[in-house]
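Dear colleague,

Please find below the structure that I am handing over to you. My notes on what was found in it follow directly after.

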Amino acid sequence: RLEGDIELSFFPWLALTTGQGSLGNPPGFAAEPFVSWREARLRARLLPLLRGRAVLDTVKIVGADFRLLRRADGTANWEGWGPAPAASGHAGDTAAPAGMVAGLELEDGRLQFQDDVAARLVQLDDWQLAVGAIRPGEPIDLETAFHATTEGLPAARLRIVGRYVPRDKATVLENFRLDGTLAGAPLAVPEIPLELAIPSARLLTANNEIQIPAWRAQLGLFVASGSLQATMQQAPS
């Protein structure tokens, strides 16, 4: 559903700007929106689009409100979107790059996750997200900040930055840093600083081996550092 004014332009960008809008839940879930927003902007280069290749400017969404739900039977409202991937007769087949996205920005967002399996409600407020250029096979930078609340746990105000680097047969994370504060019950002090820094982390997909040459963590006055090398007993999902 799109409400309010819709602006459309065609050259050199095919640009769509909307006011308030929402996207409903999949069939079988509540009638409330899966996500709603106050404003959204999407721009694509017209000439590459006519040739079947999408070149998108930074996608910006203001006031996004996501409502994620996992029911007691394990089904979730973020699953099953879009068609199933087409089967390929050759394991080595790869599709040609479809294009690129200059970035993604979420401003003044909110996310609510109701997990009936764990009987837990997690909520993110004042959520800001900036994702850098997304090009096939190239690194992606990410920065996000939010205020998180969960019943029975201290409230957290966090900022997370990092870079995802695609590698053959490995998942690599570089310059990962999480910092912020914890506050509220059941802490005995008003506020505790929190920090985690990982310069490089690698997951080797062939044998599920995790390699973290160095890490550093701080929680209040407690400071620790070290390295980690491990093999997971199950393939991660």
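Helices (H or I, at least four residues) and strands (E, at least two) are taken here as DSSP runs, numbered from the N terminus. With that convention, lysine 169 lies in the loop between S13 and S14. Please note that this is a predicted model, in which local features need pLDDT of at least 70 and side-chain atom pairs count only at pLDDT 80 or more, while totals for chains, interfaces and linings use all residues. Residues are numbered from 1 along each chain as its sequence is written, and side-chain values use heavy atoms, with hydrogens and water left out.

Overall features

The protein has one helix and 17 strands. Its C-alpha atoms fill a box of roughly 55 × 45 × 40 Å along the principal axes. Of the 237 residues, 29% are buried; buried means under 20% relative accessible area, exposed over 50%, and partly exposed in between (1.4 Å probe, protein chains only). The protein exposes about 15,100 Å², with 58% supplied by carbon and sulfur atoms; accessible areas come from the Shrake-Rupley method with a 1.4 Å probe, and for residues only the protein chains shown count as cover. Among the contacts (heavy atoms within 4.5 Å) with a separation of 6 or more, 44% join residues 24 or more positions apart.

The nonpolar core

In soluble globular proteins, nonpolar side chains tend to be buried together. A nonpolar core is defined here as a set of buried Ala, Val, Leu, Ile, Met, Phe, Trp, Tyr and Cys residues joined through side-chain atoms within 4.5 Å. The largest such core holds 24 residues, of which Phe66, Leu106, Leu111, Trp127 and Phe146 touch the most other members. Two or more residues each come from S4, strand S8 (65-70), strand S10 (104-115), strand S11 (120-131), strand S12 (140-150), strand S13 (155-167), strand S14 (170-183) and strand S15 (191-204). S11 gives the largest share of this core, four residues. Leucine 111 touches Phe66, Leu68, Val122, Gln123, Leu124 and Trp127, when residues up to four places away in sequence are not counted.

The largest pocket

A 1 Å grid over the protein atoms alone was used: a cavity is a set of points where a 1.4 Å probe fits but cannot get out, whereas a pocket is an open set with protein on both sides within 12 Å along at least five of seven lines, and lining residues have an atom within 4 Å of a point. Grid points are joined across faces, edges and corners, and a volume is the space filled by probe spheres set on the points. The largest pocket has a volume of about 220 Å³. Its lining comprises 14 residues, and Trp37, Ala40, Val59, Lys60 and Ile61 lie nearest the centre. At least two lining residues are supplied by each of strand S2 (13-18), strand S4 (33-37), strand S5 (39-45) and strand S7 (59-62). By class, 11 of the lining residues are nonpolar, one is polar and two are charged; Ala, Val, Leu, Ile, Met, Phe, Trp, Tyr, Cys and Pro count as nonpolar, Asp, Glu, Lys and Arg as charged, and the others, Gly among them, as polar.

Individual residues

Serine 36 lies in strand S4 and counts as buried, at 19% relative accessibility. Beyond four places in sequence, serine 36 touches Gly21, Ser22, Gly63, Ala64 and Asp65.

Leucine 194, in strand S15, is partly exposed with a relative accessible area of 23%. Its C-alpha atom is separated by 7.8 Å from that of alanine 217, 23 residues apart along the chain.

Arginine 216 is found in strand S16 (residues 209-219) and is partly exposed at 34% relative accessibility. Leaving aside neighbours within four places in sequence, arginine 216 is in contact with Glu195, Leu196, Ala197, Val223, Ala224 and Ser225.

Backbone geometry

Most residues other than glycine have a negative phi, and most peptide bonds are trans. Aspartate 126, in strand S11, has a positive phi near 50°. Lysine 169 has a positive phi near 65° and is exposed, with a relative accessible area of 60%. The peptide bond from alanine 185 to proline 186 is cis, with omega near 5°; proline 186 is placed in the loop between S14 and S15.

With kind regards
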